[in-house]
Amino acid sequence: MKTQEIIKFFQENRGIQFIGIPNYQRKDDNAIGNYTLNINLPYEKAKIKNRDKYINANKDEIINQVSLKTKLAKDIVEAGFENIKNRAIANTEKDKEKRTAQSQAQTDAYIPLSKCIKIHKDTGDLHISGRVVQYKQIVAGDKQKKKKNKQDRTIAQDHIKKILDIQENYRTFKISKIKNINVQKDTIIVEGEAKIVFV
């Protein structure tokens, strides 16, 4: 589909709050499933809530817990904590100059179609952010592949997020080479080559 067709479609269907992304294949374990996102929930508020959890956390206690549970060195766990904390702080800055380079570049590169949908100025790729309200697995993933692909710092960060109850059911999908967009009941179905660009 052409960029202008996509823009027109979303302008004509502003009231719909659910987006369906069918046959998405996860890269970490090759699982295939259908995602449904609610795009009307306040994503920025969720990011701020997560940021505050990192800021107010007892870092030393968390590092000790994660190191004990994972058998990872404390310096690795601390590096993981500081990485996700600093990223969370930077990406909630209202001052654009203080955001991470990646976050700032993303802001400048898109035409917003709504609060949660934007289209890339150059590529025409559609970016949809929302809260995952349903995931229906079609093909099971390879758990061993997923485990092998994770680095130590990522493993530490996963445990830190679990301890702090970080809300991670928000996703941003990039959908390129869009073949079709249609409405099924209360959901917009977007068919194309999709990948998750924010977790």
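The following legends describe the chain as a whole and two close-up views of a predicted model.

Residues are numbered from 1 along each chain as its sequence is written. In this predicted model, local features need pLDDT of at least 70 and side-chain atom pairs count only at pLDDT 80 or more, while totals for chains, interfaces and linings use all residues.

**Figure 1. Overview of the chain.** The chain has 7 helices and 7 strands, where helices (H or I, at least four residues) and strands (E, at least two) are DSSP runs numbered from the N terminus. Of its 199 residues, 38% count as buried, that is, under 20% relative accessible area with a 1.4 Å probe and protein chains only.

**Figure 2. Packing of helices H4 and H7.** Helix H4 (residues 74-90) packs against helix H7 (residues 152-163) at an angle of about 65 degrees, and their axes are 8 Å apart. Axes are lines fitted to C-alpha atoms over the stretch in contact, and angles run from 0 to 180 degrees between N-to-C directions. H4 and H7 are therefore roughly perpendicular to each other, a term for angles of 65 to 115 degrees. The contact (heavy atoms within 4.5 Å) involves residues including Ile76, Val77 and Phe81 of H4 and Ala156, Gln157 and Ile160 of H7.

**Figure 3. Surroundings of His120.** His120 belongs to strand E4 (residues 117-120). His120 is buried, with a relative accessible area of 17%. A polar atom of the His120 side chain lies 3.2 Å from the backbone nitrogen of Thr123. Leaving aside residues up to four places away in sequence, His120 touches Ala109, Tyr110 and Asp125.

How values were computed: Heavy atoms only, no water. Parallel < 35°, antiparallel > 145°, perpendicular 65-115°, else oblique. Buried < 20%, exposed > 50% of the residue type's maximum accessible area, 1.4 Å probe, protein only. Polar contact = N/O pair within 3.5 Å; in protein donor to acceptor, adjacent residues only side chain to side chain.
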